Every structure is written in structure tokens, then in C-alpha cells.
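Let's take a friendly tour of this structure, one region at a time. Have the sequence and the 3D view ready.

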Amino acid sequence: MREASMSGSGSGAVYVQTNAAPNEVIAFRREDEGSLERLGVTATGGDGDGMPHLTSQGSMVVTGDRRHLLVTNAASDDLSVFAITGDGGLELRDRVLRAFLAVLICFLPCAFFSNKLFTIVAQPLIDKLPEG
């Protein structure tokens, strides 16, 4: 299980990924003295690989503004984006599989025209370089 935590001054939240198929995140409220209260279980919409310990660091990350939790789904090769609610609970917002497909769709035509695109982008710099 991978975990990510969110804390400010005092209490916060702890999130644990099951890495099961289907993958889930278990949310806990962390009190000032360190005790945990289970808030609930939220499906990621993706699949873990079933390994008891995902061999990657940072497979769950709370964003810098503490508004979202990003969770990798090892077996389905995607990323789940959760909104963190006021009490530390989670709401699934999106899976980033669609973003990957959009990048792929944009990349393929660019790859076909890569030499032409390179010339367009590099030509102003080449014109400024000294001879030789």
C-alpha cells in the first residue's frame, strides 16, 4: 500500500492506495494527537497490479495547493485525479487516460512533419549564427 498525507498545522488526512484490481484509496482523518479515523473508501476508476507494495515512490501525491490527490493505477496505466473535500474526504474528478490519447493524437501528425517543423522553429536561430 502506498500512502500520501496532507497536513497543515495540527490535524490533516492520510491516504492509502490498495493497489488492487479495482484500485481504491482509503482516506483517514488524522487528529492532532496522531490518531486516525477512517473517512471512507473511494474507487480510482482504474486497476492496481495486485502487488502488496507498489515499487515506486510518489505513486500518490497531494498537490501543492492541497486541493487534489493524484493516484497512479499501475495495471491500467493511468492517473486518477481526486478533489480533496473540506473534511479530507475524496471525490474522483477524472482519469487522465483521455489526456494521454489527446497527446498521442497530436504527436502522430507532428512526427510525420517533424523535419518541416524543425526547420520552421530553428531557421530564425540558424540565421543569427555566425558563418562556419
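In which strand does Leu-79 lie? Leu-79 is found in strand β7. Please keep in mind that the model is predicted.

## Around Leu-79

Leu-79 has a relative accessibility of 27%. Because buried means under 20% and exposed means over 50%, Leu-79 counts as partly exposed.

Beyond its neighbours within four places in sequence, Leu-79 is in contact with Leu-70, Val-71, Thr-72 and Asn-73, and also with Asp-94, Arg-95 and Val-96. Take Val-96 from that list: 17 residues separate Leu-79 and Val-96 in sequence, yet their C-alpha atoms are 5.2 Å apart.

## The sheet

Strand β7 belongs to an open sheet of 4 strands, ordered β5-β6-β7-β8 with antiparallel pairing. At the edges are β5 (60-62) and β8 (90-95), each of which pairs on one side only. From one strand to the next, the twist averages 25 degrees.

Let's look inside the sheet. Strands β6 (residues 68-73) and β7 (residues 78-84) run antiparallel and are joined by 6 bridges. For His-68, the bridge partner in β7 is Ala-83.

Now to helix α1, which spans residues 97-112 and contains Ile-105. Is Ile-105 buried or exposed? Ile-105 is exposed, because its relative accessible area is 59%, and the cut-off for exposed is over 50%.

Terms used
Residues numbered from 1 in each chain as written. Predicted model: local features only at pLDDT ≥ 70, side-chain atom pairs only at ≥ 80, totals over all residues. Heavy atoms only, no water. Pairing = 2+ DSSP bridges. Helix = DSSP H or I, 4+ residues; strand = E, 2+ residues; numbered from the N terminus. Axes fitted to C-alpha atoms, helices over the stretch in contact; angles between N-to-C directions. Buried < 20%, exposed > 50% of the residue type's maximum accessible area, 1.4 Å probe, protein only. Contact = heavy atoms within 4.5 Å.
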